[in-house]
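Please read it alongside the sequence and the coordinates.

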Amino acid sequence: MRELFEPLSAGKLELRNRLVMAPMTRSRASAGGAVTELTAEYYRQRASAGLIITEGTQPSVRGQGYILTPGLHSDEQVEAWRAVTDAVHEEGGTIFAQLMHSGRVGHPVLYPDGGLPLGPSPIASGDRLFTPDGMLDHPVPKEMTLDDIAGAVGEFAAAARNAVAAGFDGVELHGANGYLIQQFLADGSNVRTDAYGGTVENRVRFAVEAVRAAADAIGPERVGLRVSPGGTSSGVSESDTPELYSALVGRLAPLGLAYLHVMEELNRDMTRRIRAEWPGTLILNPHPTPESFPARPEEGAEALREGVADAIAFGELWLANPDLPARIEAGGPYNTADRSTFYGGDHRGYTDYPALS
């Protein structure tokens, strides 16, 4: 599996290997959205990745979708992230912040003003928010006005600048998993009749504007985008996935982005189609087979050999194996993730997974 250990140029980045740590929400930030010393240790332990992409980080107050998730919209949050980026860089690592506006995947209890979450259309997700006081149904979101849309685009740009100020090497916009950008892309959650809804060209507009704003703010070589073609998380649905992502890729291709990050939801044919249309670096979060969950290093190496991707992102493998490259080189063994500690808690299931002796 030597393919996984070859260096890679992504934008202006020189990555030591092709093993990417996928973004994973861990819900261990402070109530004010600041990461902690424990977070710095968590990412430091995994700095042997070619690239770390952080957990989803809200670019604004209204962008938050879960409890105890970090932000990049206040001075306190920026300062707290510096300990993380310093820790990773001291180990020779590279780290991007994932900017995640959750859109309709939110709840008034998360916001100081008690207002509604925002969405492209007044259609509820059908999902629920976990809180210490129990599960709460996501409400019908406030349909975003044109001013709201412009404001959200500006928030991505401002958060990108804050990320660079915090020492990040770049940012990834979260356009997958049913959050705001995919809510605009998907015709099941976007039934607008203005310039941001209806046709495929209109539905990709918000994604393109958000990416371009971040690229203008910090340079396109520091910006990536994550997508999940055909994904149905949080109630989104796409009736025209191939045409939709062809249009999106076509609009983004000239921008010179660092990478496109594909979370594989459908079969490999969709990934091959995107690979053929995307001229830049492509990171693949491969879909595991029923016989292999989570996805295994062998599946990533196969995708590299096929040429369908330039780098491979793993999630659960990195969560449980902070020294993943060393374990792959040794042929294992691999720690098993404790799913009961995925979200919230202390160091247990977070920074206490052992490395190889």
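## Core and helix packing

Leucine 72 touches Thr57, Gln58, Gln77, Val78, Trp81, Ala97, Leu99, Ala159, Asn162, Ala163, Ala166 and Phe168, leaving aside residues up to four places away in sequence. Contact here means heavy atoms within 4.5 Å. The model is predicted: local features need pLDDT of at least 70, side-chain atom pairs count only at pLDDT 80 or more, and totals for chains, interfaces and linings use all residues. Residues are numbered from 1 along each chain as its sequence is written, and side-chain values use heavy atoms, with hydrogens and water left out.

The largest nonpolar core has 88 residues, of which Leu72, Leu173, Phe206 and Leu248 touch the most other members. Helix α6 (residues 205–218) gives the most to this core, nine residues. A second, separate core of 14 residues includes Leu8, Ala10, Leu15 and Ile283. A nonpolar core is a set of buried Ala, Val, Leu, Ile, Met, Phe, Trp, Tyr and Cys residues joined through side-chain atoms within 4.5 Å. Buried means under 20% relative accessible area, exposed over 50%, partly exposed in between (1.4 Å probe, protein chains only).

Isoleucine 149 lies in helix α3 (residues 146–165). Its relative accessibility is 0%, so isoleucine 149 counts as buried. Met144, Phe184, Arg192, Tyr196 and Phe206 are touched by isoleucine 149, again not counting residues up to four places away in sequence.

Two helix pairs follow. Helices (H or I, at least four residues) are DSSP runs, numbered from the N terminus. Axes are lines fitted to C-alpha atoms over the stretch in contact, and angles run from 0 to 180 degrees between N-to-C directions.

| Pair | Axes come within | Crossing angle |
|---|---|---|
| α1 (residues 37–45) and α2 (residues 75–90) | 8 Å | roughly 25° |
| α6 and α7 (residues 241–252) | 10 Å | roughly 25° |

The angle makes α1 roughly parallel to α2 (under 35 degrees). Their crossing is right-handed (near helix turned clockwise from the far one by less than a right angle). Thr39, Ala40, Tyr43 and Arg44 in α1 meet Trp81, Ala83, Val84, Ala87 and Val88 in α2. By class, this contact has seven nonpolar, one polar and one charged residues.

α6 and α7 are likewise roughly parallel to each other. α6 passes α7 in a right-handed crossing. Ala207, Val208 and Val211 of α6 make the contact with Leu248, Arg251 and Leu252 of α7. Five nonpolar, no polar and one charged residues form it.

Definitions and conventions: Angles under 35 degrees count as roughly parallel, over 145 as roughly antiparallel, 65 to 115 as roughly perpendicular and the rest as oblique. Ala, Val, Leu, Ile, Met, Phe, Trp, Tyr, Cys and Pro count as nonpolar, Asp, Glu, Lys and Arg as charged, and the others, Gly among them, as polar.
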